[in-house]
Amino acid sequence: MLWALFRRDVVLISRSPALWLPVMFFVLAAALFPFAVGPDARLLARIAPGIIWVAALLASLLPVETLLAPDLDDGTIDQLITRGIALELVCAARIAAHWLGFAVPLLAALPVAGVLLGVDFATAQRMAFALLLGTPALASLAVVAGALTAGLKGGGALAGLIVLPLALPVLIFGVGSDVAGAFRLLAAASLVALAVGPFAAAAALKPA
Amino acid sequence: MSEALEIIDLACQRGGRLLFEGVSAQVVPGGALQLVGPNGTGKSTLLRLLAGLLQPAAGAIRYSGRRAFAGHEVALKPRQPLGVELAHWARLDGGLTRLPAAMTAMNITALAEVPCRLLSSGQRRRAAIARVIAAGAPLWLLDEPTAGLDSASAALLAAAMAAHRAAGGLIVAAVHGDIGLDGAAQLRLG
């Protein structure tokens, strides 16, 4: 069941015209900073992890209005509930599909962003590993925010306000991944978000 | 094939307003119940209660079998071909083998390759009914199933409903006017 739902979500995301938006946003944000901060390579390399993480966080929020709201509007959620399919499963599949749709292209674009910011290879490798560990949490938070704001007009802006404070641990451990133990804390933050996310999102979707 | 549906002294509140109370009815296998009444008296809400999409304020619904629901929203993704959409739901229902017959029954086989956004509202409605047929659930919950259907499609729907009841299925439908449910009980709301 989970597999069927996940496969369907992946097909829908991969056919969506907005598929490339998060990764393009990510690269553009990384490209803007050298223009804004100036061509000081040492400064850029020092703030690069912060830039990359903020860009990744914002990129994960770009499709938040299309994560669950259309399903609520077009009756898909009704059909799933009528079939006795747990909304927790639906949300878990959606988190996995959202991660695949935004984090994997983003990891693929990381070398480009790294070159634009003058990051050396070892740092880029560490950032890739940190992103791999931390992006599941971002996907989970985005789906929860999408569920909470589904059915609201202009829910996207509100979703940002919901996610940004909750994403702070991921941001802190992700940026500080050169400190001992940061990877473990990052993985822990991801696991907590992944464990709570499907239940929180499903609770938000349950009809009153 | 199936068990009876019992609605016992059901009450429903929406937005702090009591929509209806004391609603009781029974549908036996092969039977049908038509919900009639003016707009806004709770026909669709009663169907959503039966589908498990809402919780009643009081009373109980006795039925433990599978249900298939066709509401106002058709749950078809605009960019996907109709056949792919229906196959997805049929797969969730374990009814892929029933799908071709269901699509034939509602005369939408020729539309299988058409993206859903290009379908007319009547064609979407036929697709939603085909999904109900393919679900293989004993209890059908239909919200104004003939809305937007031409007379030929309405006849197809009547035939599908008759076949379902002949096989021991149950139907509850919110209706305005006759939709071809012979010998159906009526429940008047409002």
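This is a predicted model: local features need pLDDT of at least 70, side-chain atom pairs count only at pLDDT 80 or more; totals for chains, interfaces and linings use all residues.
Let me start at a single residue in chain B: G52(B), which comes just after helix α1(B), takes a positive phi of about 85°. Residues are numbered from 1 along each chain as its sequence is written, chains are lettered from A and ligands numbered from 1 in the order in which they are written, and side-chain values use heavy atoms, with hydrogens and water left out.

Buried here means under 20% relative accessible area, exposed over 50%, and partly exposed in between, with a 1.4 Å probe and protein chains only; helices (H or I, at least four residues) and strands (E, at least two) are DSSP runs, numbered from the N terminus. The buried set in α1(B) includes K43(B), T45(B) and A51(B), along with L46(B), L47(B), L49(B) and L50(B).

Staying with backbone angles, most residues other than glycine have a negative phi. In chain B, D9(B) has a positive phi near 50°, and this residue lies in strand β1, residues 5–14, where its relative accessibility of 46% makes it partly exposed. A75(B) has a positive phi as well, near 55°, but A75(B) sits in the loop between β5 (67–70) and α2 (82–92), and its relative accessible area of 0% makes it buried.

Turning to chain A, we have ten helices and zero strands. Its radius of gyration, taken over C-alpha atoms, is 17 Å, which agrees with the value near 17 Å for a compact globule of 208 residues, the globule rule being 2.2 Å times the number of residues to the power 0.38. The C-alpha trace spans about 60 × 35 × 30 Å along its principal axes, and 50% of the 208 residues count as buried.

Where in chain A does P49(A) lie? P49(A) belongs to helix α3, residues 41–61, and counts as buried at 12% relative accessibility. Leaving aside neighbours within four places in sequence, P49(A) is in contact, meaning heavy atoms within 4.5 Å, with M127(A) and V175(A). By contrast, D73(A), 24 residues from P49(A) in sequence, is 38 Å from P49(A) in space, C-alpha to C-alpha.
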